[in-house]
Structure formats: structure tokens, C-alpha cells
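Thanks for coming. I will go through one model today, with the cut-offs given as they come up.

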Amino acid sequence: MGTSLTKRFATLGVVEYKIATTPQEMEEALSLVYREYAKRGLILPARYKAPIRVGVHHLLPEETRVFIGVKEGEVVITLSAFKDSPLGLPMDGGYGPEADALRAGGRKIGEVGYFAVKGGLFKRKRLLGFDPEKLSFIFTMFRLALQWGLYFTDLDDGCLVTNPDPKRMSFKYFPLDVIGGVKHFGFDETHVKPKPAVAKRIDLKALRAALKKPLSWLNFKIALFRCALDKAIPREVLEPKLRLSPRDLHRFFVEKSDVLKSLQGEKLEYVLKSHGMSKDDYNLLLSGHW
């Protein structure tokens, strides 16, 4: 098994699911996000220094995981998972009050986002738009992220911001609760075509408890979810993490984006502490002399 989960699909062939553990894998994943978001008008390419969608939360080696699916050496699906920190979460940009309400209740929260699938992988049209292979392909990625959140973190809630269209099948069997009404905004601060979105959460704390109780099978929603979860993913698949070198930090967060320059105060201090760096190290990093 090693550090990846391999799954064979009827038409796609073999896909290897794993956590990105090299700068190259991270770059391929976040470049895929950029391409697919730009193609769908979700982001404004003019706002980017390079064709990659890398965010401030990708600076945190302990709180962030980038999950990828690799087919014939190419990243074809990706999803990032984030634990809350002084940097907040991506959803704070559109659902800050809802996230703060969970925090105020003493909940430890996380979020999944930066989800993208390579266009053109599924070309055949299915009856009523339902494609079991595509659904399994996508669900396997979320299954990794969910099991990481359930068994490798102490999070109480896992959140996501998603399209509110009820016809979408991807999360049909997830015990999700809506925590914010439909809002229209873009992935960038300004956007000419705001998209509808809704915030949801899964109660990881309650789910952990329910999954340990045999009688939880009597709860139809939990029973479906337990079937969908399938067996536990081996620990070695979900244990890896990516720690970037100073050279990598400069490349992703200075050369290809202005993420490091945008940090100030407590947020900057937290990032520097996460990488064992001083303010002098930070200044050297910005100048390219580390």
C-alpha cells in the first residue's frame, strides 16, 4: 500500500490518491486549481502573478494538507484541507460570521477547499447526468480528507463552501448541515460574475461518537454514511505532510504570488514560528537571499 491509496476505474484506469509530499506535487495541484477555476470564470487571471492558485494557508505545514489524485503521472484531482489557526480559514472571506459563531461556541473548526478536477476526464454523457464512476472518483478524494479530519485531527467541525444546486450528487450522502444562507461572491475580492455559494459543516465530534456505536446503524443517514466511508484508510496514507524549504517558500509565496508580502502582525509571526524563522530570515526570504 505505501503512502498512497490506489483505485482502478473502468474507463479512467488507475488513479493514485495521496497527500502531496513534494513541492512539484503541490505546484501541479494548485496549478490545476488555477486552470479549472479560470476556465469557469471563478477567478480573475489578471490578479495572479503566475498561473497557480496558492493561498496563505498553504504556508502552514502542520495545519494544511494538499490531497491529490494522480493518473499516469499527472495530477487530475486535488483538494486542500485546513485546520483553523491565527490565519483563519478561507471561508472567513465570505462566511466569517458563521465561522466565528462556531468558534465562539468553543468548536475547533477546519475547512476543505481548492477543489479541482481536470476537465475532459469524463466525456460520456450519462442518463439524467448521473455518472457513478465520476461520483466514485470524486468521493474517494473527499473520503481521504474526511478520514484525515476524523482520525488525525481534534477538529469538532469540518466546513466547506459549495454550490447550492440541489442536483449536485457529490455530497448527497454526507451528514452536512447548512450554516449560512446562499451568498453571491467570487473567489477573488472583486469579481464581475459573483457565484452562488452556501456554507455547510459536518459535525466531526458527533460523527466520531456515532461511528463507535453499533446502534448508530439504525440512523438511516449515518448508516448510509458508514457504507460510503468504507473501511479505514491505512495510517501511512494519511500521516505524511509537506514542509517547504526556504527556496520553495520564496518560489511559491514571493515569485509566484504576493502571499508573504501581504502578511502582517500576528499572522506573520505565526507563519514565521511555523517555519522556525526570524524577522531577519523573513526579510532575506523576500529578497531571495536565504
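The lining of the largest cavity is made up of 15 nonpolar residues, three polar and one charged. For these classes, Ala, Val, Leu, Ile, Met, Phe, Trp, Tyr, Cys and Pro are nonpolar, Asp, Glu, Lys and Arg are charged, and the others, Gly among them, are polar. Before going on, the conditions: this is a predicted model, where local features need pLDDT of at least 70 and side-chain atom pairs count only at pLDDT 80 or more, while totals for chains, interfaces and linings use all residues. Residues are numbered from 1 along each chain as its sequence is written, and side-chain values use heavy atoms, with hydrogens and water left out.

A cavity here is a set of points, on a 1 Å grid over the protein atoms alone, where a 1.4 Å probe fits but cannot get out; lining residues have an atom within 4 Å of a point. Points are joined across faces, edges and corners, and the volume is the space filled by probe spheres set on them. By that rule there are three cavities of 30 Å³ or more.

The largest has a volume of about 230 Å³. Of its 19 lining residues, V112, A145, L146, G158 and I202 are the closest to its centre. Which elements supply at least two residues each of that lining? They are β4 (74-83), β5 (109-117), α3 (132-151) and β6 (157-162), and α3 gives the largest share, five residues. Helices (H or I, at least four residues) and strands (E, at least two) are DSSP runs, numbered from the N terminus.

The second largest cavity has a volume of about 120 Å³. It is lined by 15 residues, with M26, H58, L60, T64 and L242 nearest its centre. That lining divides into nine nonpolar, three polar and three charged residues, and strand β3 (residues 64-71) makes the largest contribution, three residues.

Now the sheet. Eight strands form an open sheet with mixed pairing, in the order β1-β2-β3-β4-β5-β6-β8-β7; two strands pair if DSSP finds at least two bridges between them. At the edges are β1 (4-9) and β7 (176-185), each pairing on one side only. From one strand to the next the twist averages 20°. Within the sheet, β5 and β6 are paired in the parallel sense over three bridges, and E111 stands opposite C159 in β6.

Helix α2 (residues 92-104) packs on the sheet and touches β5, β6, β7 and β8 (195-203), its direction making about 155° with that of β7. Helix α3 also packs on the sheet, touching β1, β2 (13-19), β3, β4, β5 and β8, at about 35° to the direction of β4. Contact means heavy atoms within 4.5 Å. Axes are lines fitted to C-alpha atoms, for helices over the stretch in contact, and angles run from 0 to 180 degrees between N-to-C directions.

Last, the helix pairs. The axes of α3 and helix α4 (residues 204-211) come within 10 Å and cross at roughly 85°, so the two are roughly perpendicular (65 to 115 degrees; under 35 counts as roughly parallel, over 145 as roughly antiparallel and the rest as oblique). L146, G149, L150 and Y151 of α3 make that contact with L204, L207, R208 and L211 of α4.

The axes of helix α1 (residues 23-39) and helix α7 (residues 246-255) come within 11 Å and cross at roughly 10°; α1 and α7 are therefore roughly parallel. In this pair, P23, M26 and E27 of α1 meet D248, R251, F252 and F253 of α7.

Definitions and conventions: 1 Å grid on protein atoms, 1.4 Å probe; cavity = no way out; pocket = protein on both sides within 12 Å on 5 of 7 lines; lining within 4 Å.
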